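Visitor: I have a model open on my screen and would like a walk through it. Could you guide me?

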Amino acid sequence: MLHWFQPVRASGGYPQAREDHVDVIEAIHSRRSVRAFRPDPVPREVLRAIMEAALRSPSWENTQPWEFAVLGGDVMKSVKEALAAMGQAGEKPRLDFPWPK
């Protein structure tokens with residue numbers, strides 16, 4: 001049996017759903033992996049909205065371990081080329097966290 005948690009605001013009322021937000025179940029069911037991307041750049045206001053939302057995501061003990069790097073133009077091209085060369089040379093990935101065994 002599932003029990004649904006209803007968050008309560010400090011004011012005592014339940015938060016109201018906003019029309020511009022996707023239902024959590026809908027988001028889970030419509031999630032997909034993307035491995036091909038459009039060539040046109042993502043508008044700055046879209047990037048800003050995504051990063052602002054990400055900054056509010058939960059983290060263990062509020063550690064907030066994320067870092068952002070937004071690349072474009074020649075810088076992004078050189079990073080892509082360097083990563084492709086590393087992969088073609090058979091270099092192992094340089095992970096910033098221990099990989100599970």
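Visitor: How many helices and how many strands does the chain have?
Guide: Happy to start there. This is a predicted model, in which local features need pLDDT of at least 70 and side-chain atom pairs count only at pLDDT 80 or more, while totals for chains, interfaces and linings use all residues. Residues are numbered from 1 along each chain as its sequence is written, and side-chain values use heavy atoms, with hydrogens and water left out. Counting DSSP runs from the N terminus (helices are H or I, at least four residues; strands are E, at least two), the chain has three helices and zero strands.

Visitor: What span does α3 reach from its first C-alpha to its last?
Guide: α3 has 16 residues.

Visitor: Which helix supplies the largest share of the lining of the largest pocket?
Guide: A pocket is an open set of points on a 1 Å grid over the protein atoms alone, where a 1.4 Å probe fits, with protein on both sides within 12 Å along at least five of seven lines; lining residues have an atom within 4 Å of a point. The largest pocket is lined by 17 residues, with Pro41, Val42, Leu47, Leu71 and Met76 nearest its centre. Both α2 (44–55) and α3 (73–88) supply at least two lining residues. The largest share, three residues, comes from α3.

Visitor: Which side chains meet in a salt bridge?
Guide: The rule asks for a side-chain nitrogen of Lys or Arg within 4 Å of a carboxyl oxygen of Asp or Glu. By that rule the count is one salt bridge. At 2.7 Å, N to O, the partners are arginine 38 and aspartate 40.

Visitor: Is arginine 38 buried or exposed?
Guide: Buried means under 20% relative accessible area, exposed over 50%, and partly exposed in between (1.4 Å probe, protein chains only). Aspartate 40, at 39%, is partly exposed. Arginine 38 has 66% relative accessibility, so arginine 38 counts as exposed.

Visitor: Where does asparagine 62, with its positive phi, lie?
Guide: Most residues other than glycine have a negative phi. Asparagine 62 has a phi near 55 degrees, and glutamate 61 has one near 50 degrees. Glutamate 61 lies between α2 and α3, and asparagine 62 is also found in the loop between α2 and α3.

Technical notes: The expected span of a helix is 1.5 Å times one less than its number of residues.
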